[in-house]
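I opened the model today to look at a few side chains. My notes follow in the order I made them.

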Amino acid sequence: MVDQAARLSDRVWSRYDRKEQMIRYGIYLLTVLAVVWAVKDIDIFWPWVWDAPTQIQNLGARMWPPEFARWNDIFQAMLETVHIATLSTVLTIFIALPVSYIAAQNTTPNKATLWLGRFILVSSRSVNTIIWALLFVAIFGPGVLAGILAVTFRSIGFIGKLMGEAIEEIDHRQVEAIQATGASKMKVVLYAIVPQVMPAFFAIVILRWDINIRESTVLGLVGAGGIGVLLQGSIDLFAWQTVATILLAILVLVILGEAITSMLRKKVM
């Protein structure tokens with residue numbers, strides 16, 4: 001017994017045994033090889049990488065000080081950006097709510113509508129806002145309408161998915177109680193489902209509006225309206241001081257949007 005206790009006391013504790021350690025080292029090695037292969041395959045021109053700090057310094061010097069001569073145009077473009085975000089969020093609500101209803105397992109009429117709703121949500125989320133914007137610019141031409149539709153189609157998947165999950169998590173006893181009174185399906189939705197998901201609905205919509213503000217700032221790069229139009233035009237003209245002003249304005253807008261959404265979410269949660 002003494003010898004056994006001595007042997008046990010000499011053992012060093014290890015979190016993983018030898019087999020587990022070999023597996024972990026193998027995973028690390030494969031990860032490193034995958035990274036090296038990816039970096040090698042994308043054909044990076046390394047002299048430009050090493051020269052990047054100098055280029056950043058030169059660009060910063062050309063941007064300073066910011067030029068405020070076009071402040072009125074920038075302010076109007078910022079308002080247009082906010083309008084795109086707001087209108088697209090409102091439009092999304094009318095589309096995403098019915099989709100979330102059929103995409104939730106406990107409210108969808110049948111499997112066909114369930115898969116239809118989920119297909120719409122996945123299709124919306126799988127395509128980036130810029131891609132949507134390119135499509136709608138090709139259809140409707142450059143302008144705010146293309147931007148509104150692009151952000152709307154991107155937002156459907158976000159709001160619809162989160163609202164569908166909120167519907168699936170409701171208390172079914174309230175639904176059964178309303179159904180026991182002989183209420184119609186519409187009344188069941190209005191009096192048993194809607195009250196339970198309203199807090200989540202407001203929080204999700206406010207969060208998406210904040211995201212839409214940030215996404216709307218870059219739509220102009222593809223001609224879909226907003227502050228991005230001025231930004232792209234200034235870059236094309238090498239007006240770097242104006243570019244600096246636009247970037248500062250975008251930063252202020254994003255910070256204000258974050259502050260407003262944080263305040264509103266505290267009110268509804």
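**Entry 1: a surface patch.** Met 22, Ile 23, Tyr 25, Ile 27 and Tyr 28 make a nonpolar surface patch of about 560 Å². I keep in mind that this is a predicted model. I picked Ile 23 from the patch and looked up its place. Ile 23 lies in helix α2, which covers residues 18–41. Is Ile 23 buried, exposed or partly exposed? Its relative accessibility is 46%, so I note Ile 23 as partly exposed.

**Entry 2: aromatic pairs.** Next I looked up ring pairs. I get 5 aromatic pairs. I took Trp 132 and Phe 136 to begin with. Their ring centres are 6.1 Å apart and their planes meet at 20°, so I log the pair as stacked. The cut-off for stacked is under 30 degrees. How far apart are Trp 132 and Phe 136 in helix α6? They are 4 residues apart in this helix (residues 129–140), so about one helical turn separates them. I checked burial too. Both Trp 132 and Phe 136 are buried.

**Entry 3: on to Phe 140.** Phe 136 also pairs with Phe 140, and this pair is stacked. I read 6.1 Å from centre to centre and 25° between the planes. Phe 136 and Phe 140 are 4 residues apart in helix α6, so here too the separation is about one helical turn.

**Entry 4: the cluster.** Which residues do ring pairs link into a cluster? I list Trp 132, Phe 136, Phe 140 and Phe 153.

**Entry 5: a charge over a ring.** I then looked at Phe 158. The charged end of Arg 208 sits over the ring of Phe 158. I note 5.0 Å from the ring centre.

**Entry 6: Ser 234.** Last, I went to helix α10, residues 227–236, where Ser 234 lies. Ser 234 has a relative accessible area of 2%, so I record it as buried. Which residues is Ser 234 in contact with, leaving aside neighbours within four places in sequence? I find Arg 70, Ala 239, Thr 242, Val 243 and Ile 246.

Conventions: Residues are numbered from 1 along each chain as its sequence is written. This is a predicted model: local features need pLDDT of at least 70, side-chain atom pairs count only at pLDDT 80 or more; totals for chains, interfaces and linings use all residues. Side-chain values use heavy atoms; hydrogens and water are left out. Rings of Phe, Tyr and Trp (its six-membered ring) pair if their centres lie within 6.5 Å; planes under 30 degrees apart count as stacked, over 60 as edge-to-face and the rest as tilted. Helices (H or I, at least four residues) and strands (E, at least two) are DSSP runs, numbered from the N terminus. Buried means under 20% relative accessible area, exposed over 50%, partly exposed in between (1.4 Å probe, protein chains only). A charge sits over a ring if NZ of Lys or CZ of Arg is within 6 Å of the ring centre and within 35 degrees of the ring normal. Patches are made of residues with over 30% relative accessible area and no salt bridge: like charges are joined within 9 Å, nonpolar side chains (Val, Leu, Ile, Met, Phe, Trp, Tyr) within 5 Å. Accessible areas come from the Shrake-Rupley method with a 1.4 Å probe; for residues, only the protein chains shown count as cover. A salt bridge is a side-chain nitrogen of Lys or Arg within 4 Å of a carboxyl oxygen of Asp or Glu. Contact means heavy atoms within 4.5 Å.
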